[in-house]
Amino acid sequence: MTSKERAELRTRAMKMESIFQVGKSSLTPQLVDAIRAALKARELIKVNVLKNCNDDTASLANLLSERTGAEVVQVIGKKIVLYKKNPQKEEKKRLAQKREIKKKEDAKKKARKEKMERTGRTVPESRKPASGKVYRGSGVKKRNSRKQG
């Protein structure tokens with residue numbers, strides 16, 4: 001993970017609430033499974049370590065990252081931020097973006113077609129010169145020569 005990616009993840013994590021708390025019993029298999037499931041669903045989670053937990057926060061973060069396969073984004077005080085990339089979620093985002101682009105292109109085509117039907121023109125307005133006459137052939141317009149005097 002690059003430093004830019006980590007900074008972006010830290011920014012996103014600042015706005016989040018902690019969804020897990022590690023307490024007196026420290027890391028239990030049930031807690032690790034729940035964190036693994038949350039990482040799959042959310043990709044980025046924040047874990048709060050309570051005061052009655054006797055373990056060091058940094059060592060808990062490393063242990064959690066090993067057991068869940070996630071990366072530790074940051075450890076500040078008693079808060080741990082973990083990130084695990086979900087390829088399925090990324091694929092869904094990519095497909096949604098493609099659908100959105102296609103929808104916009106189709107809307108533009110439809111609007112252009114309706115305008116041409118409404119006006120009865122065969123050449124779009126953007127391609128017609130100001131005079132309204134469509135030049136055919138060489139494609140070069142004649143210039144008006146200025147009189148010098």
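Helix α3 spans residues 57–68. Its twelve residues reach 16 Å from the first C-alpha to the last, close to the 16 Å expected at 1.5 Å a residue. The expected span is 1.5 Å times one less than the number of residues. Helices (H or I, at least four residues) and strands (E, at least two) are DSSP runs, numbered from the N terminus. The model is predicted: local features need pLDDT of at least 70, side-chain atom pairs count only at pLDDT 80 or more, and totals for chains, interfaces and linings use all residues. Residues are numbered from 1 along each chain as its sequence is written, and side-chain values use heavy atoms, with hydrogens and water left out.

The buried residues of α3 are Thr57, Leu60, Ala61, Leu64, Ser65 and Thr68. They lie on the same side of α3, because they cover an arc of only 135 degrees around the axis. The arc is that of the directions from the helix axis to the C-beta atoms. An α-helix has 3.6 residues a turn, so residues three or four places apart point the same way. Buried means under 20% relative accessible area, exposed over 50%, and partly exposed in between (1.4 Å probe, protein chains only). The cover over the buried residues of α3 includes β1 (20–22), α2 (29–42), β2 (44–49), β3 (71–76) and β4 (79–83).

Glycine 69 follows α3 and has a positive phi, near 80 degrees. Further on, β3 and β4 run antiparallel and are joined by five bridges. Two strands pair if DSSP finds at least two bridges between them. Valine 72 stands opposite leucine 82 in β4. The hairpin of β3 and β4 has two residues between the strands. In this hairpin, glycine 77 takes a positive phi near 60 degrees.

Lysine 85 sits in the loop between β4 and α4 (87–119). Its relative accessible area is 52%, so lysine 85 is exposed. Lysine 85 touches Glu43 and Glu90, not counting residues up to four places away in sequence. A contact means heavy atoms within 4.5 Å. Lysine 85 and alanine 70 are 15 residues apart in sequence and 8.0 Å apart in space, C-alpha to C-alpha.

The protein chain as a whole has four helices and four strands. Along the sequence, they follow the pattern α-β-α-β-α-β-β-α. Of the 149 residues in the chain, 24% are buried. Among contacts with a separation of 6 or more, 63% involve residues 24 or more positions apart.
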